[in-house]
Amino acid sequence: MDWNNTDLEKLAPGTTPQLGLDAYEFEKAYNEKGIAYSHEFALFVKLTNELSVKLGRTISILEVGVGTGRVGAFLHQLPWIDDYLGIDTEPSAIEVCKHRHPKLSVRQQNIFHVKPSERWDVVIIPFGTFSGFNQDWQASLLYKMVHHSTSMVIIDTLLPEAFGSTEDT
């Protein structure tokens, strides 16, 4: 199913998403190979909107391994997300992300150095980032993600074809 602005308006009564493009066109604009991520973004829309409705308020998101901002740029525009932060340890990825998405809040940081008192409703990590750690570190990483999340942890398992490339991610 492709999501468009009408579908988003149905999910968030009384709000008008400012996406401008339907989900497929949005994704295509960030991926010159035209690979569709509609199902992934539809799931993010559904999960985050349901949480927002359940909590009765807008929600906050931390994305661990923001890379060049492929997911963050989409999430940041959803009307029920009012606080988004993307972190990454790679300075070059942060630089590209800031250039492509100047309004996106990002910082160079390792999740293991996030202050223990910082919390978000949702913590998201791309599988490519998660799988880059050995099993012991994955367990520690999951612990940190759960610690910093008040409601939900999402491991994004859909990777772009050229994962790791600054062109397509």
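Modeller: A salt bridge is a side-chain nitrogen of Lys or Arg within 4 Å of a carboxyl oxygen of Asp or Glu. In this predicted model, the side chains of D156 and R70 meet in one, at 3.5 Å from N to O.

Biologist: Which parts of the chain does the pair D156 and R70 tie together?

Modeller: D156 lies in strand β5 and R70 in helix α4, so the pair links parts 86 residues apart in sequence. Both D156 and R70 are buried.

Biologist: How many salt bridges does the structure hold?

Modeller: The structure holds 4. Side chains of opposite charge can pair when their charged atoms come close. Another case is D121 with R57, whose closest N and O atoms are 2.9 Å apart. D121 sits in strand β4 and R57 in the loop between α3 and β1, so this pair ties together parts 64 residues apart in sequence. D121 is buried at 5% relative accessible area, whereas R57 is partly exposed at 40%.

Biologist: What separates K46 and E50 in helix α3?

Modeller: About one helical turn, the two being 4 residues apart. Their closest N and O atoms are 2.4 Å apart, in a salt bridge.

Biologist: How should I read the sides of a helix, and which residues of α7 are buried?

Modeller: An α-helix has 3.6 residues a turn, so residues three or four places apart point the same way. In α7, the buried residues are Q138, L141, K144, M145 and H148. Seen down the axis, they fall within an arc of 125 degrees, so they line one face of α7. They pack against β4, α6 and β5. The face turned away carries the exposed residues Q135, D136, Y143 and V146.

Methods: Residues are numbered from 1 along each chain as its sequence is written. This is a predicted model: local features need pLDDT of at least 70, side-chain atom pairs count only at pLDDT 80 or more; totals for chains, interfaces and linings use all residues. Side-chain values use heavy atoms; hydrogens and water are left out. Buried means under 20% relative accessible area, exposed over 50%, partly exposed in between (1.4 Å probe, protein chains only). The arc is that of the directions from the helix axis to the C-beta atoms. Contact means heavy atoms within 4.5 Å.
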